[in-house]
Amino acid sequence: MATKPPKGDPVQDAPQVAEPKHAAAGLPAIGHTLRIAQQQMGVKRTALTLLRVNQKDGFDCPGCAWPEPDHRHKAEFCENGAKAVAEEATLRRVTPEFFAAHSVADLATRSGYWLGQQGRLTHPMHLPEGGDHYEPVSWERAFDIIAEEISALGSPDESVFYTSGRTSNEAAFLYQLFARELGTNNLPDCSNMCHESSGSALSETIGIGKGSVLLEDLYKADLIVVAGQNPGTNHPRMLSALEKAKANGARIISINPLPEAGLERFKNPQTPQGMLKGAALTDLFLQIRIGGDQALFRLLNKLILDTQGAVDEEFVREHTHGYEEFAEAARAADWDETLKATGLSRTEIEQALGMVLASERTIVCWAMGLTQHKHAVPTIREVVNFLLLRGNIGRPGAGVCPVRGHSNVQGDRTMGIFERPAPAFLDALEKEFGFAPPREHGFDVVRAIRALRDGEAKVFFAMGGNFVSASPDTDVTEAAMRRARLTVHVSTKLNRSHVVTGARALILPTLGRTERDLQVGPNGKSTEQFVTVEDSMGMVHASRGRLAPASPQLLSEPAIVCRLARRVLGADSKVPWEEFERDYATIRDRIARVIPGFEDFNARVARPGGFTLPHAPRDERRFPTATGKANFTAAPVEYPELPEGRLLLQTLRSHDQYNTTIYGLDDRYRGITNGRRVVLVNPEDARALGVTDGSYVDLVGEWKDGVERRAPGFRVVHYPTTRGCAAAYYPETNVLVPLDATADTSNTPASKSVVVRLESAPEGRPETRPEARLEQSATD
């Protein structure tokens, strides 16, 4: 029996505020996990489902991409993973009757939280041109509609095919294959908005755009630097790996503008000792000013160069290129400029240096706090310089560790979801399938929005995700989407992107990770299929759902792509789409012939735990760059300049969300409950700006284009942030991120360094939104 979603749309601008926590997980995490899971799934379904998460014979968590250890706990999931599973395995349903009761205009007034809480989509739905309600549509008619709109385009490049990170390897490979046989490389994905800066910097410096460490390396490290990352909220299972590293003797430096409860103390809920006492993780907390990381690593590199015997000269000589130019730039680093850029003290930096010099095996982990700045790519290059200096790439217990977000975002890129594909990959596709893929580069996320805005793209197709809420410059993005002829979303649940539509719109409901995938063969018999994913450290493994599908109307993502391709490309297609739909093993056979590292794919992934993809810098200290060596780089030091009376805002997640999915209205570790429209401000900054704790302000973005971007009605929360810096949750503050404010080289939105001013809200706290008081009809 379906559980009922909560009535009404709760107001989110009147939170309760308490002191931030100084420890993560423990008994509160267990209680919160079970409460949310049982609300969505019921007691029995909760137990049966959660015990299969991340198990070798189970399904991959639809949350983050943190890898699993070889020896796994029976409860190999974290609080946020359990929330992700609960929302996918929920008993709540969004049926055609729901859409009949709610117009698109009505749904557009609802919060993302409310939309997500309604449950699983059950039927394909169509919004006809001029219509005000979604209507049920057959799968055949849905594919006809897409074919009609694509055939009316002047060029395949007027279509855009976006991909979320939860798409499986098999679906991603088919999706890019369809787009390229159609004739376009317009394949933006969520990597464009998060770790594109990492991929750009690492490809140039070490020759492969992925991290160089495995989970076991963390256990062997002497020093782990965690920069621009909040693992307690975003990657909670990372905390257990850090706990084990600490037990093995590692020391940890945390670099962040905000204190992070999980990095202070981790109360491991899987052990009695962990729950009661926990483990202190951070040995040195460097509370850096937003955007000051490049300056910090540059000065550390200067100090390493100035220390007798600190440089691994043999490694530098044998395996690197560009050392002299880099060293000249590093030696010019200035203490005063660094202290200004970072907000740190000389003593703190010298403490960090001492820990660096004492370490023979160092790992640097990072996430969005480094990747979403204008100078993100030079910052990550400087991190690579830092590691190369002491030979910390290609050594056990050492290396680069960009911590990816969505569970298969790295696998999607490996499968060819990329707007700028390598010629070798296209050559392999052409050889295998007998058609000539397009060679011209396509649109990334930012360029896709511009193309839609300017009428250069007319069909937008999203394989998962919530593009509208995830993208920058919300007003511009929404206006761009509304200019499309057709918007299509393959989804499991309702989100904001479904109510910001083109002239026509389709919602195509798909199976989730938790659900059994049965495909009918030529003999009429159903065969159970599985898919594969790649984690953040290059491990590829199988994922097998066990739950009955939420509706008999659901299709798997591979089936959707195959049927779409057959309808759009017709009999002239050179790809065996029907065969691929019936048996995913045939997809993996082709992947094995196209993508290096996947040889004998089916046999290797059948082994419990899967297999590790090759990584030349890690495995053999071979660097497939243009120079054939690891490249030192030299770039001017950059950091955001802050005008008088302004703050530097970073967007971030609450603890009750994953990417744009809002599970609840609390941020337990930061002391925020029952609300999301808050801005965290240092008390001294607040006093200087004349804003009191609990007052309400509008956040007004300032950028060089002179356009005023405003996020109204945020409660000021005095918080121990770095002076001059502030923080607030996305997607509510994505409206403040200009579309053209992007990282050099990677074109990633610069969401972590937005200059804002605080203006008193005209009437204090905004009035309760009328739609927040609306109760759902009985048909909900």
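Select strand E2 (24-25) and strand E10 (residues 265-267): the two pair in the parallel sense over two bridges. Strands here are DSSP runs of E with at least two residues, helices are runs of H or I with at least four residues, and both are numbered from the N terminus; two strands pair if DSSP finds at least two bridges between them. Within this pair, Ala25 has Lys267 of E10 as its bridge partner. The model is predicted, so local features need pLDDT of at least 70 and side-chain atom pairs count only at pLDDT 80 or more, while totals for chains, interfaces and linings use all residues. Residues are numbered from 1 along each chain as its sequence is written, and side-chain values use heavy atoms, with hydrogens and water left out.

The three strands form an open sheet in the order E2-E10-E11, with mixed pairing. Next show helix H12 (residues 237-247), which lies across E2, E10 and E11 and runs at about 110 degrees to E10. Angles run from 0 to 180 degrees between N-to-C directions, and axes are lines fitted to C-alpha atoms, for helices over the stretch in contact; contact means heavy atoms within 4.5 Å.

Move to strand E7 (residues 159-163). Five of its five residues are buried, so E7 is largely enclosed by the rest of the structure. Buried means under 20% relative accessible area, exposed over 50% and partly exposed in between, with a 1.4 Å probe and protein chains only. Ser159, Phe161 and Thr163 point one way from E7, and Val160 and Tyr162 the other way. Strand E16 (residues 459-463) pairs with E7 in the parallel sense over five bridges, and Tyr162 stands opposite Ala462 of E16.

Now select Ile146, Phe173, Phe461, Leu508 and Trp577, which touch the most other members of the 60-residue largest nonpolar core. Such a core is a set of buried Ala, Val, Leu, Ile, Met, Phe, Trp, Tyr and Cys residues joined through side-chain atoms within 4.5 Å. Helix H8 (residues 169-182) supplies the largest share of this core, eight residues. Centre on Leu508: beyond neighbours within four places in sequence, its contacts include Pro124, Trp139, Ile146, Phe461 and Ile560. A second, separate core of 50 residues includes Ile288, Phe297, Trp335 and Leu387.

For a helix pair, display helix H23 (residues 423-433) and helix H29 (residues 584-594), whose axes lie 9 Å apart at an angle of about 130 degrees. H23 and H29 are therefore oblique to each other; angles under 35 degrees count as roughly parallel, over 145 as roughly antiparallel, 65 to 115 as roughly perpendicular and the rest as oblique. Phe425, Ala428, Leu429, Glu432 and Phe433 of H23 make the contact with Arg590, Arg593 and Val594 of H29.

Proceed to strand E21 (residues 531-534), which runs antiparallel to strand E22 (residues 539-543) and is joined to E22 by four bridges. Thr532 has Ala542 of E22 as its bridge partner. E21 and E22 form a hairpin with four residues between them, and Gly538 in the turn has a positive phi of about 80 degrees.

Finish at Val735, in the loop between strand E32 (725-729) and strand E33 (754-760). Val735 is buried, with a relative accessible area of 12%. Leaving out residues up to four places away in sequence, Val735 touches Asp473, Thr474, Asp475, Arg709, Arg710 and Ala711.
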